Amino acid sequence: MSSANAQSLSTLAESLSAHIYAVKTDNATRIRLLGMGIGTGSRIEILRNRNGDIVLGNGNNRISLGRTITANIMVHVQE
């Protein structure tokens, strides 16, 4: 998959599934996200999107992320 198809996590509609393509944040934030199971190649499902503030599902986990972080996570929508 190429970066041409990648879009920001903050723009996705609810009920979509996606794979994380890139995480464009500082190292400390990237490490925290990895600790929650969110990293390059992870499969996620958008459960709720409130103008960029997102609740996502990753397996049995539910994670809430703010729009500052979600704007810097690039994903490919799974079809």
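Predicted model: local features only at pLDDT ≥ 70, side-chain atom pairs only at ≥ 80, totals over all residues.
The model contains an open sheet of six strands. Their order is β1-β6-β2-β3-β4-β5, and the pairing is antiparallel. Two strands stand at the edges: β1, spanning 7-8, and β5, spanning 61-65. Each has a single partner strand, so one side of β1 and one side of β5 are left without a neighbour in the sheet. Strands of a sheet pair through backbone hydrogen bonds, in a parallel or an antiparallel manner.

Strand β2 covers residues 17-23, and β3 covers residues 43-50. The two run antiparallel and are joined by three bridges. Within this pair, S17 has E45 of β3 as its bridge partner. E45 also stands opposite G57 in β4.

On the β4 side, β3 is joined to residues 53-58 by five bridges. These strands, too, run antiparallel. They form a hairpin with two residues between the strands. In this hairpin, N51 takes a positive phi near 55°.

Five bridges also link β4 to β5, again in antiparallel fashion. Here N58 stands opposite N61 in β5. The hairpin of β4 and β5 has two residues between its strands. G59 in this hairpin adopts a positive phi near 70°. The sheet ends on this side with β5, an edge strand.

Terms used:
Residues numbered from 1 in each chain as written. Heavy atoms only, no water. Pairing = 2+ DSSP bridges. Helix = DSSP H or I, 4+ residues; strand = E, 2+ residues; numbered from the N terminus.
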